[in-house]
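Have the structure open as you read.

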Amino acid sequence: MTSTAPTLSAAEARRMSLAAQGLSRRRPDAVSARHLHRAMERLGVLQIDSVNVFARSHYMPMFSRLGSYDPALLDRTFLSRTSHYVEYLAHEAAFMPVADWALWRFRMDHWRKRASDSGQWMHAHARTLDWVRAELRDRGPLRPGDLREDAPRPRGPWWDWDDAKRALEHLWRCGEVAIAGRSGFERRYGLAEHVIPAEVLASAMPEQDAVRELVRRAARSYGVATVADLSDYYRLRDQATVRSAVAELVDAGELERVTVRGWERGGRQIPAWRHRDAALPRRIDRAALLTPFDPVVWFRDRALRVFGLDYRIEIYVPAEKRRYGYYSLPVLVGDRIVARVDLKADRAASVLRVQSAWWEPRAHPDADAERIAEELTRAALWQGLERISVSGWGDAADALTHAFHGRETPVERHVHPRERAASACMGP
């Protein structure tokens, strides 16, 4: 006799997922390094992205969960030291606990084998690889620019990186080199033995065990998830190995098979699993701006399935063809993604510019506009901006502007180029 999997509503799955991500907890009055570490325990990784139109992506998840904090605290904790965290391809490029280095040995080995099998670049640039290793051994951690002037080969055409830079990236992916911190936002590369603690560097974990541990962590970070969700969290490509890990965790009592109403594809139910520690809060009382690289929304299939958010980044879309804006941020209110706002920090004018604002299908505009205005006010203060300006581009712009009236932070209106283009098309 087979038992029936417990059933969750779509709303219960959303609340469970947000709680697992730390978005059901009260924000602290003052954020310390201890709070950053606790948040990282839930997240597992903190994805890095160079876009800085509002705030760099790795600063945003902590703001979403903890509220206003000093970004310099995160810099000291993550960028300037490697005692707690180090960078690797633990999703895309991301901060992760330095103790996890051994977990990624299999990915390092895969990269080395793949590069060795293709072999052409490695063979042609063996001298550069050896030279880079020797420079790091003799001089300690270096920026790519520190190598450029003395590199033995001229600059190449690969994304305008010279051969020395490409060698550093290759050695980093293979695990011979680790990121020893950043100067500004530029990486400093060092030999792994100069960066990673010896006991961590000496440890090893078979690939099957590493994948099982990563699936366990992904399940804990998501609360409830499908196999595709669990695979994407740490970009595990081998679905068969992930499924095997799920089965082992079910047998160990760490995961439970569940049915989530509404999680379907082609009319068929998508199997899901709940982590044994996943909590189901009665409600989520939180408003938060989410970076596109927040684990809540970074897997687009899951964002659509869980939140009804059909999201694509429009950075590479021509300006005149953008639907929502250059770098729109999803906005969470309660357990719903209710809007997306395209933000720009105009630091010279000390203005947070809301370049566009759009409602999502699950929005309650009258109530949600107030919560969004409150969160944007908090975001402006966090970034040290004195005023807020809202354009008229987007179906949420008017409601948002109205919600700002009467608040301490002055609100202005500005005209987005798309508004001018629309007015020109309409004629006099």
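Start with a side-chain pair: Arg217 and Asp100 are joined by a polar contact of 2.6 Å (a pair of N or O atoms within 3.5 Å; within protein, one must be able to donate a hydrogen and the other to accept it, and residues adjacent in sequence count only if both atoms are side-chain atoms). A word on the source: this is a predicted model, where local features need pLDDT of at least 70 and side-chain atom pairs count only at pLDDT 80 or more, while totals for chains, interfaces and linings use all residues. Residues are numbered from 1 along each chain as its sequence is written, and side-chain values use heavy atoms, with hydrogens and water left out.

Arg217 sits in helix α12 (helices are DSSP runs of H or I, at least four residues, numbered from the N terminus). Is Arg217 buried or exposed? Arg217 counts as buried because its relative accessibility is 18%, and buried means under 20% relative accessible area (1.4 Å probe, protein chains only). Beyond neighbours within four places in sequence, Arg217 is in contact with Asp100, Leu103 and Tyr234 (heavy atoms within 4.5 Å). Its C-alpha atom is 9.5 Å from that of Glu41, 176 residues apart along the chain.

Helix α12 (residues 207–222) turns up again in the largest nonpolar core, which has 57 residues; that helix gives the largest share, seven residues. A nonpolar core here is a set of buried Ala, Val, Leu, Ile, Met, Phe, Trp, Tyr and Cys residues joined through side-chain atoms within 4.5 Å. Trp101, Trp104, Val132, Ile196 and Val215 have the most contacts inside this core. Apart from it lies another core of 55 residues, including Tyr69 and Phe293.

On a 1 Å grid over the protein atoms alone, a cavity is a set of points where a 1.4 Å probe fits but cannot get out, and a pocket is an open set with protein on both sides within 12 Å along at least five of seven lines; lining residues have an atom within 4 Å of a point.

| Space | Volume |
|---|---|
| Largest cavity | about 40 Å³ |
| Second largest pocket | about 420 Å³ |

The second largest pocket has 17 lining residues, with Arg107, His110, Arg114, Arg235 and Arg237 nearest its centre. Helix α5 gives the most to this lining, five residues. Ser17, Tyr222 and Arg302 are among the residues lining the largest cavity.

Notes. Points joined across faces, edges and corners; volume = space filled by probe spheres on them. Buried < 20%, exposed > 50% of the residue type's maximum accessible area, 1.4 Å probe, protein only. Helix = DSSP H or I, 4+ residues; strand = E, 2+ residues; numbered from the N terminus.
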